[in-house]
Amino acid sequence: MLTVLKNANVYINDSFVKKDIAISQKIERIGNNLSGDKEIDLEGRYITPGFIDIHVHGRGGIDAASDCEALSIELAKNGVTSFLPTTLTLSVEDTLKAMSYLADYIDSQSAKGAEVLGIYSEGIFFSKEKCGAQNPDYIKESIDISLVEKIIESGKGHLKVMAYAPENDGSVELSAYLKEKGIRASMGHTNALEKEIKPCVDAGLSGVTHLYNGMRWMNHLELGASGVGVFDERLYVELIVDGYHVNKEFINIAFEFKPIDKIIFISDNVHLSGLPEGKGSMGGVPVIIKADKLIVDQSEGYSLAGSCLRLCDSVKNANKMTGISFEKLIKCVTINPAEYIGVSDRKGSIEEGKDADINIFDKEFNLIKTYIKGEEI
């Protein structure tokens, strides 16, 4: 069946233009006065590509590593049309089990919700000093390539991103190894200095896991991981734009010095995200669910444990924090992540022949509807 969405402001080439779009599983045609089997007048509402969340562990009580189908349905409610389920730092045995489960799901996934495009491995090779909500009992501060090989093998060709701390022994070799395998190497949960990071970038490291969070801060003498992430134009960076993880001043610093094409908004949701206030656990780490944030109790201060952010709200939040237009920010949840994980041939923009993954927003940029491969969710 051919569905035509008429009289819409469609996001094409970084701007909104008045067009109709005809969709089946693919975007069939973009033009004016189109006709089809079913016609819907959108009365000037806004159509964007579906949002891609490359870093999400779970939501609404659902863990990606135990029920990825339920998570795909849950995420679609937030305008996410495709995603990378993301592992936590677990025991080696549980890590391999999670990778294997996710790989099997990808090979036979249903069409009920958001499409899984691959796997994001967040752990095991981190800094205990910057572990955040990652369980320090399972962290390995020296990189074992043979274990990396097992993780990749368990992922059955679906691993897209692996995060690790550049100060760990073997990180330069790992950076080159992942690049050779076509897997994005990302620094995260790291206390690294600039001098430890640059050789990894030269070797193949190309991403920054949740910029500013879980990493050494920059100051007037040392860039640290945060500063290198901002100022090295070779690096893509993830940002959690919920107002808690990063204040608006540092969000603005990122946009001032970073090419916008290298900025990716993520939710970093976990299974506790979106649940009522109370107590929970992440990988054995106790977590407090408090309104719209998750907190790990510590003896001095606290650490955040993933976000409660709905990805469909990230563009609106960033617009308020920076004053940058929606037209410029939308790429941070569409084509930028698609380019980063190598799926821009079919995802991330509204073009004829690409998957009919689209979101519809009202004039205040509130999400109204989501279509995944032409089916209304």
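This is a conversation about how the terms used for this predicted model rest on its values.

Modeller: Local features need pLDDT of at least 70 and side-chain atom pairs count only at pLDDT 80 or more, while totals for chains, interfaces and linings use all residues. Residues are numbered from 1 along each chain as its sequence is written, and side-chain values use heavy atoms, with hydrogens and water left out.

Biologist: How many of the residues count as buried, and what does the word require?

Modeller: Buried means under 20% relative accessible area, with a 1.4 Å probe and protein chains only, and 58% of the 377 residues count as such.

Biologist: Why is a set of residues called a nonpolar core?

Modeller: The name applies because its members are buried Ala, Val, Leu, Ile, Met, Phe, Trp, Tyr and Cys residues joined through side-chain atoms within 4.5 Å. The largest has 71 residues, and Leu178, Leu239 and Phe265 have the most contacts inside it. Apart from it lies another core of 18 residues, including Tyr120 and Tyr340.

Biologist: Which residues does Leu178 touch, leaving out those up to four places away in sequence?

Modeller: With contact meaning heavy atoms within 4.5 Å, Leu178 touches Val148, Ile152, Met162, Tyr164, Ile183 and Ala185.

Technical notes: Buried < 20%, exposed > 50% of the residue type's maximum accessible area, 1.4 Å probe, protein only.
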